[in-house]
Amino acid sequence: MGKGKNGTGLNYKQTFLIGFGFMGCMLMWSVYNSYVPVIFRAKLTELTGGGAKLPAFLSVALFVNAIMTIDNIFGVIFQPFFGKKSDRTHSKWGKRMPYIIICLPICAAFFCLIPVAATVKATALSIVLMMTVIIFFNFTMSVWRSPVVSLMPDFTPSHLQSDANAVINIMGGIGQMIGFVVGTIATTLVGLLGFTAIHDALKAKTNTLGQILAVNADGTPVVNYLNGFDATNPAFKEHIDNFIASGRDKLFYDGTSFSSAGTDSQLVAQKVVDMSKGAPQYVNYTPIFVVAAAISVLCLVILVLFYKKNKENDLSKDVYMDEGGEGKTKKIKIKDLPISKEERTSLITMLAALFLINNATEAIVPNFTNFALDTLNVKPIYSTLMMAVFAVSLAAFGIPAGAMGRKLGRKKTIIIGLSVIVIMFAIYLAVSQLINNRMFTWIVLWIALVVGGAAVGCININTLPLVLAIGGRDYVGTFTGYYYTATFSAAITGPILCGALIGLFHEDYNYMFLFCAIFFAIGLAVITRVKHGESKPEDEEWIKEAVEAADD
């Protein structure tokens, strides 16, 4: 058990097979974060008339981003509970597997129902059904996610868990990459069967921003919001229904074609547009979700076969954690920590910087596909490939970022990463807003994705070790708790604040980059005030072990 070919090293084959569980988890999250924001935005736009029916301080973008924080809220509430619950579980399938075997298929089924609920024509009912399914999906995911990441420590001796965690993270990264390309995979598979994976299952009444292209008295096309549109008015309803039924670029009202100015009651429109780049449509993403769910269930099958064959190697099968709790870490308030006043100030400052930085990083994920759809006219099945480039860059720079932290110092490495990403965001904003050159904008964006991934790697790899070094070896659990309190809090507030800013500027998703640049810049200013956290060479080993344990 836990031995390689030489009898003492890590059993890579076993660790690789354990990693299939985490791979299935990350695959579904990757698809969820890429496509659910696009689906919800289209539905909420239709329901609210492009936001015209909402109070001034609310917007479609704000609601979409708030919905995308449900997984983080559930993660904070339920994942620790079910993780501890699995510690006290006894069955012939061990501690963790019952949660995974039962809940992963249920979770996958709810996952598949998300885009199915979006195809319901009654918009309000469709949104209610989607919210219901998403809540159940997030809950069932919370039940089995902690147990699946706990499998590796159960099968791996403590002195080998660092190497094993690297394998598990690679498997999770593979799952994430598959999630980014699964749109293309699903389109290919369904196309081979003679169906259309990406199609206009429902015609949109408006574009993604709830706008119509109207024509002024002088014949000039202008974009107007559907302010005052009354869906209950029979004339208006027939007006829209005729347009949907026609499937053409001309609007028909009572059999008459309108292509020039008229009275307000005629709601003259030349065509529905998607930011003037083509006719919008609802997209049925069901095949993408089904393929992703099927791959995740296949990962479960591989994991079950592995466990059935190797369950005697489960190191935790005879270990029982009493509910009364040995192993419970006593919570200590920051003011009661036995550290100096200066160290306490550095800790609070570092936690504030972490909160600011993670507000920015967490705002990108739920908004990128909508940004690409609006600004670049790139469909989600292709914009997810752009996200894959960012993720690959981040993963590839993990080891160099760690080496930089040890050689240059963790604080300096984090500052370098923050400085680079702020500069890249600023350059992209300047180019996209001031230079009217689509090709140049694309080139800058691709560079920003690659360089930005490496910069975020410099930040992510070094923040937790810096926090742990302030507390020292005796307070690893306490300081890890502080770290995750700051980051999880940001995961909830970041998307909401970013959504509010986007809504404030009429659903312009370019402001996502402005939001991130501001929070990264403030985080950079704050972290320069941190005066502690650089470890001594002899501390590197326990810090590495603590970081690996925290990742588990």
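Helix 12, spanning residues 398-408, has four buried residues to look at: G398, A401, G402 and G405. Looking down the axis of helix 12, these buried residues sit within an arc of 100°, so they line one face of the helix. This is a predicted model, so keep that in mind as you go through the rest.

**More on helix 12**

- On the face of helix 12 that points away from the buried side, you'll find the exposed residues I399 and K407.
- The packing partners of the buried residues in helix 12 are helix 11, helix 13 and helix 14.

**Helix 10, mostly covered**

- Helix 10 runs over residues 368-376, and eight of its nine residues are buried.
- The buried set in helix 10 is made up of F368, T369, N370, F371, A372, L373, D374 and L376.
- Which helices do the buried residues of helix 10 pack against? They pack against helix 1 (12-48), helix 9 (341-364), helix 11 (380-396), helix 13 (410-434), helix 14 (438-471) and helix 16 (511-527).
- Just past the end of helix 10, N377 has a positive phi of about 60°.

**N359 in helix 9**

- Helix 9, one of the packing partners of helix 10, is also where N359 lies.
- N359 has a relative accessible area of 0%, and buried means under 20%, so N359 counts as buried.
- Setting aside residues up to four places away in sequence, N359 touches A490, T493, G494, L497, F515 and F519.

**A nonpolar patch and helix 14**

- L434, I435, M439, F440, I443 and I447 together make a nonpolar surface patch of about 610 Å².
- Helix 14 gives the most to this patch, with four residues.
- I443, one of the patch residues, is located in helix 14.
- Is I443 buried or partly exposed? With a relative accessible area of 42%, I443 is partly exposed, because that class takes in values between the 20% limit for buried and the 50% limit for exposed.
- Helix 14 also turns up as a packing partner for the buried residues of helix 10 and for those of helix 12.

**L129 in helix 5**

- L129 is found in helix 5, which covers residues 123-155.
- The relative accessibility of L129 is 34%, so this residue counts as partly exposed.
- Leaving out neighbours within four places in sequence, L129 is in contact with A117 and V120.
- V116 is 13 residues from L129 along the chain, and the C-alpha atoms of the two are separated by 9.3 Å.

**The chain as a whole**

- The protein chain holds 17 helices and four strands.
- How much of the chain counts as buried? The figure is 51% of its 552 residues.
- Take the contacts with a separation of 6 or more: 78% of them in this chain are between residues 24 or more positions apart.
- The chain's accessible surface comes to about 25,100 Å², and carbon and sulfur atoms account for 64% of that.

Conventions: Residues are numbered from 1 along each chain as its sequence is written. This is a predicted model: local features need pLDDT of at least 70, side-chain atom pairs count only at pLDDT 80 or more; totals for chains, interfaces and linings use all residues. Side-chain values use heavy atoms; hydrogens and water are left out. Buried means under 20% relative accessible area, exposed over 50%, partly exposed in between (1.4 Å probe, protein chains only). Helices (H or I, at least four residues) and strands (E, at least two) are DSSP runs, numbered from the N terminus. Contact means heavy atoms within 4.5 Å. Patches are made of residues with over 30% relative accessible area and no salt bridge: like charges are joined within 9 Å, nonpolar side chains (Val, Leu, Ile, Met, Phe, Trp, Tyr) within 5 Å. Accessible areas come from the Shrake-Rupley method with a 1.4 Å probe; for residues, only the protein chains shown count as cover. A salt bridge is a side-chain nitrogen of Lys or Arg within 4 Å of a carboxyl oxygen of Asp or Glu. The arc is that of the directions from the helix axis to the C-beta atoms.
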